[in-house]
Amino acid sequence: MAGRYAVGVDFGGTKILAAVVNLETGRLVGTGKKKTRQVHEQEDVIKRIASVVDESLAEAGMTARDIEGIGIGAAGQVNREKGVLVFAANIGVSDLPLAQPLAQMFQLPCALGNDVEIATLGEVQFGAGRRCDSLVCVFVGTGIGSCIVHDGTIYRGASGSAGEIGHVVIDPFGRQCGCGAFGCLEAYASRTAIAKHIVAELKRGADSMIRDRIDMTKGILRSKAISDAIEAGDDLVKSAVSQAAQFLGLGLASVINFYNPQRIILGGGMIEASEYYFHHAVKHARQRALRVPARKIEFVKAELGDYAGVIGAALLVKGK
Ligand SMILES: [Zn+2]
């Protein structure tokens, strides 16, 4: 097959997605998918990723010799130089070398990045970030991930953690966040925060159609259930989501004031599922930010959905 290809792997808490990606067009020519299993043997994780890579190559009618390399994006903290997944709470692993064993297995260059970074790379190259030099991507789902793109490249900061808007403190005496600190934006504007708010209100006796679709003990709620409830005019869900969107708007206003990007791309399960959430967050961000940048900033939704990750992961190979 003509063109340059690489395999991108999106290694998340619930699934491993892989795709053979045309590096010039972003087109996918073969995909593979498996559930992420909580495993104790590190070798099993690598074998499982390798099998998803094989699956995508087989679907594309290719072998490892037809591609330039493998890029992996993992939902956690990574050491890019060493290709090691340092810590991933949702996957249940730590200090897991990924790039080197896979490079050996396939005899190909292999690069590692994190999930937010790969989704951003995908959007910048082939999605909502085209023709824009300064932008910030913000993904809202179970948590809030964010990435800064400056002069067309990802800005990582001195030790690689730049852009953690989810852990900007918006209330010094506020709720505890998953990171251990108190009052982080993520604890107020993520889907997890919305679910917690709804569970607390239901326990207090509030009435809502969402009662049947929420796991009351774990506080798990799908974005689709939220958007269905909003469409049906459910007051409890509407107020929980509009409150969360106000908080996200506050965080975005800080991004605008501090960095003054040309564009903010919003993505992730909550944004994809709920126009209501997107609309309210954007409205509050514009109201709260300084007047000139607030007027000029472009708010757009991410375009690549579930595939941003695999496309962006494949692009990591270009840097090798
Ligand atoms: Zn935090």
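Q: In this predicted model, which residues does H280 contact, leaving aside its neighbours within four places in sequence?
A: H280 is in contact with S242 and A245. Contact means heavy atoms within 4.5 Å. H280 itself is found in helix α9, residues 275-288.

Q: Why is H280 called buried?
A: Its relative accessible area is 14%. Buried means under 20%, so H280 counts as buried.

Q: How many aromatic pairs does a search of the whole structure find?
A: One. The rings are those of Y188 and F247.

Q: What makes Y188 and F247 a pair, and why is the pair called tilted?
A: The ring centres are 4.8 Å apart, and the limit for pairing is 6.5 Å. The planes stand at 50°. Stacked needs under 30 degrees and edge-to-face over 60, so this pair is tilted.

Q: Which parts does the pair tie together?
A: Y188 lies in helix α4 (residues 186-189) and F247 in helix α7 (residues 235-259). The pair therefore ties together parts that are 59 residues apart in sequence.

Q: Is Y188 buried or exposed?
A: Buried. Its relative accessibility is 8%, and the cut-off is under 20%.

Q: Why does F247 count as partly exposed?
A: F247 has 23% relative accessibility. Buried is under 20% and exposed over 50%, so F247 falls in between.

Q: What sits over the ring of F278?
A: The charged end of K301, 5.0 Å from the ring centre. The distance limit is 6 Å.

Q: What do the buried residues of α5 pack against?
A: They pack against α4, α6, α7, α8 and α9. Among these buried residues are R191, I194 and L202.

Definitions and conventions:
Residues numbered from 1 in each chain as written. Predicted model: local features only at pLDDT ≥ 70, side-chain atom pairs only at ≥ 80, totals over all residues. Heavy atoms only, no water. Phe/Tyr/Trp six-rings, centres within 6.5 Å; stacked < 30°, edge-to-face > 60°. Helix = DSSP H or I, 4+ residues; strand = E, 2+ residues; numbered from the N terminus. Buried < 20%, exposed > 50% of the residue type's maximum accessible area, 1.4 Å probe, protein only. Lys NZ or Arg CZ within 6 Å of the ring centre and 35° of its normal.
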